[in-house]
Amino acid sequence: RWWRDCMSRADAGDGELQQGAALRLQTAWRGFRERRLYLRRRRAALIIQTGWRRFLQAQHRAARLIQAAWKSYRQRRSFLQQRRAAVTLQAACRGQRDRH
C-alpha cells in the first residue's frame with residue numbers, strides 16, 4: 001500500500017511536470033511566432049516607407065526643376081525688357097545728340 005501511494009504521487013507530479021513543460025513550449029512557440037510576425041511587418045513597413053520617400057523625393061526634384069525653369073524664364077524676360085529699354089534710351093540719346 002505504501003508503494004502504491006508513492007507511485008500515485010510520482011505519477012501526479014509527473015503530470016504537473018509535463019503540463020509545465022507543455023506550457024513553456026507553448027509560450028516559447030507563441031513568442032517565436034509573434035517575433036517573426038513583428039519582423040515581417042517591420043520589413044514591410046520599411047519597404048513601404050522607402051518607396052514613399054523615393055516617390056516624394058522624385059516629386060520634390062520635379063518641383064525644383066519646374067521652379068528653376070520658371071525663375072530662369074522670368075529672369076530672361078526681365079533682362080530682355082531692360083535691354084530693350086536701354087537700347088531705346090541709347091537710341092533716343094543718340095538721336096537727340098545728332099539733331100543738335
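## A tour along helix α1

Start by selecting F32. This residue is partly exposed, with a relative accessible area of 39%. Keep in mind that you are looking at a predicted model.

Now turn to the aromatic rings. How many aromatic pairs does the structure hold? There are 3.

Next, select W70 and Y73. They form another tilted aromatic pair, 5.5 Å centre to centre, with 35° between the planes. Where do they lie? Both are in helix α1, 3 residues apart, which is about one turn of the helix. W70 has a relative accessible area of 47%, so it counts as partly exposed. Y73 is partly exposed too, with 43%.

For the last stop, select W52, F55 and L56. What do they form? Together they make a nonpolar patch on the surface, with about 320 Å² of accessible area. Zoom in on L56. Its place is in helix α1, which covers residues 2–99. L56 has a relative accessible area of 37%. Patch members need over 30%, so L56 passes that cut-off. It is partly exposed.

Definitions and conventions
Residues are numbered from 1 along each chain as its sequence is written. This is a predicted model: local features need pLDDT of at least 70, side-chain atom pairs count only at pLDDT 80 or more; totals for chains, interfaces and linings use all residues. Side-chain values use heavy atoms; hydrogens and water are left out. Patches are made of residues with over 30% relative accessible area and no salt bridge: like charges are joined within 9 Å, nonpolar side chains (Val, Leu, Ile, Met, Phe, Trp, Tyr) within 5 Å. Accessible areas come from the Shrake-Rupley method with a 1.4 Å probe; for residues, only the protein chains shown count as cover. A salt bridge is a side-chain nitrogen of Lys or Arg within 4 Å of a carboxyl oxygen of Asp or Glu. Helices (H or I, at least four residues) and strands (E, at least two) are DSSP runs, numbered from the N terminus. Buried means under 20% relative accessible area, exposed over 50%, partly exposed in between (1.4 Å probe, protein chains only). Rings of Phe, Tyr and Trp (its six-membered ring) pair if their centres lie within 6.5 Å; planes under 30 degrees apart count as stacked, over 60 as edge-to-face and the rest as tilted.
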